[in-house]
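Hello,

Here is the structure I promised to pass on to you. Please open it first, and then read my notes below.

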Amino acid sequence: MKYVDEFRDAEKAKSLIHEIRLLAKSIPIAKERPIAIMEVCGGHTHSIFRYGLEGMLPKEIELVHGPGCPVCVLPMGRVDDCVSVAKRPEVIFTTFGDAMRVPGSKGSLLQAKADGADVRMVYSPMDALALAKKNPDREVVFFAIGFETTVPSTALTVLQAKADGIRNFSLFCNHITIVPTIKAILDSPDLQLDGFLGPGHVSMVIGTRPYEFVSTYYKRPMVVAGFEPLDVLQSIWMVLKQIQEGRAEIENQYARIVPEDGNSPALAAVSEVYELREFFEWRGLGSIDHSGLKVREKYAEFDAELKFKMPNIKIADPKSCQCGEVLKGVIKPWQCKVFGSACTPETPLGALMVSSEGACAAYYQYGGVKKYEAAS
Amino acid sequence: MNHMPLPRRRSLGEVHVAKVTLAHGGGGKAMKDLIDDVFVSAFDNGLLAPMEDQARIDLTVLAKHGDRLAFTTDSFVVDPLFFPGGDIGKLAVCGTVNDLAVGGAKPLYLSCAAIIEEGVELDLLRRIAKSMAKTARDAGVQFVTGDTKVVQKGACDKVFLTTTGIGVIRPEYALSSDRARPGDIVIVNGMLGDHGAAILGARGDMLLDSPIESDCAPLNGLIDALLAAAPGTRTIRDATRGGVATVLNEFADASQVAIEIDETKTPIRPEVKGFCEILGLDPLYLANEGKIVAIVPPDQAAAAIAAMQTHVFGEGSTVIGEVRAGEPGRVTMKTVFGGTRIVDMLVGEQLPRIC
């Protein structure tokens, strides 16, 4: 497939791996402990497992799978809110497919559907708006979830709904932003990270400038990376090169997609519709200031939280669940007490086991074969 | 006094309304007319014609084909009913024929149970029955008994079909999923994932125009050719729901062996790959309706491939991997990129209602 196969060339991979190995060995700290690089985005986690990249890297490099899977960081209370709205008889509750299995304290949306709630999987928020137009006697609610990657599409849907005068459409906003989250990770005392692979698709929207604090304040290198396996390897090489040369900069490996200043029409739509919440609760990471978005008052008629007076009850994460430590890279998925026993993709306790972009599900499903075997 | 001669065959009833109503399920003349008009006229054969409550099959006829009866059933609820490359009727025949054939059986007789939602158009039913009849002829099997129910609107979605089939297994065949041994070769008969991608495309949810057609086909002829050329074949399964990945996991588990496939040798159409890239699906888990996975001893693999490639449904037959002595039950794939990843069982459904 053109424009895809070029980024999956096994021969180029071999020479890149060779370069990475040489580079890693030349970095003094690697003799004491592995160099820890966090891929922030769940898309990268998926690619790493899909192509078996972990097993190809030298032992001097440890990949830490970050919090960039929006399904995975959704706290139970928000899922409970979804279920309570979805169960209202007048509601058609629409959601992306992978959010259907996320467990709340009273079950998932999939279970609510089995109990009779009208929950439908859609592929775009515009599909939900179309459903609202087709069903004027029902209330269509869209479960808006995701980082800056998906925010413009829901913002534009709200603007379209407003322009069309649609009154039976609203969204339950759970959008989150990446920058405060990276900051929270960097501020975490039990964390040791040497560098970051920056999120590609988020950066396509916000550009690369918002990450500058990572290099200037925290003195860590970050490379905004593409999602094909050669993209990921090249980005790892770029992070190592910075470490070797004692630099901490924001570099853009994914320049074919990511403009330095982001996508201004998309950003304009986002700031028209949304504003920052004072704080937002993350599964495993706790409350992070200014990390969530909510619908502006101007568009309050499309805000499901107001329309349905959601209970918004905070539910603590299950005690046995160590998602937070996995998210911060303190432990590996298989070191969690319940990994593969009480928590499996069939019966996920923690959200990291739900989505294919979640580190635990990825380990369970695709397995970093060598490391998994070494650990078991 | 003149006597009317007794008709040798009873005349077939006809339905003169456009849509099915609950009356067509009532057990009276309307139901008989529906069954005659739609199914009996399409399936017409000597075993069905007497219209008893059961088909009567001569055991001596069965015994000519082998020494064991194979018996299987499958239900079909695909949405949409018609899709590029097939329809629910064709699927209902192929599904059951293939389930018999992969056990080494010669498929012979099928039953058909149809659950029909009131309001369905008669012409739609006639098209489905014609498609079933044609596919049955192609596969060399006969519909010899059946049942029809009409349910009220909303109690099912247009038409659900169940086909049950019997076939006979030749004495020399002993195909079994627990017989895979290290060194055995894993073969498929062509491009993978077409059916799943075709159904998804046909639903139109994605607003993607896709030229992908379902691979839906009866594979008994192909399997005959394979078994004739490679009589030591360990096991065969059709890679329907759950795709090739699921079948390989079933083999690895039953035989307590490891299986490794090679992504570069796994045949997937560029269109299907593109489809999966966009939608985040894995083609290894996409359903097929005309693809088998066969485990063949290494010394018979070349003969198996050569024989399969001469068959219309096996032109793309190829080796995708081999059985290894590694961790029992583990399926892995060497990726195009040179890495290795685990190919596990799918937890949920990739897609709802594909067959």
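Which residue takes a positive phi in the hairpin of strand 12 of chain B and strand 13 of chain B? The residue is B:Gly338, with phi near 95°, and the hairpin has five residues between its strands. Please keep in mind that this is a predicted model.

Now to chain A, which is divided into domain 1 (1–73 + 178–258 + 318–371) and domain 2 (76–176 + 292–307). The centres of these domains of chain A are 30 Å apart, taken over C-alpha atoms. Across the boundary, 12 residues of domain 1 of chain A are in contact with 12 residues of domain 2 of chain A. On the domain 1 side, helix 9 (residues 200–206) of chain A gives the largest share, four residues. That side has nine nonpolar and three polar residues, but no charged ones.

A word on confidence: chain A has a mean pLDDT of 89, and 97% of its residues reach 70 or more. Over residues 368–376 of chain A, pLDDT stays under 50. Where pLDDT is low, the predicted coordinates should not be read in detail.

Best wishes

Note on methods
Residues are numbered from 1 along each chain as its sequence is written. Chains are lettered from A and ligands numbered from 1 in the order in which they are written. This is a predicted model: local features need pLDDT of at least 70, side-chain atom pairs count only at pLDDT 80 or more; totals for chains, interfaces and linings use all residues. pLDDT is the predictor's confidence in each residue, from 0 to 100. Two residues are in contact if their C-beta atoms, placed from the backbone, lie within 7 Å. Domain bounds come from an automatic or database domain assignment. Helices (H or I, at least four residues) and strands (E, at least two) are DSSP runs, numbered from the N terminus. Ala, Val, Leu, Ile, Met, Phe, Trp, Tyr, Cys and Pro count as nonpolar, Asp, Glu, Lys and Arg as charged, and the others, Gly among them, as polar. Two strands pair if DSSP finds at least two bridges between them.
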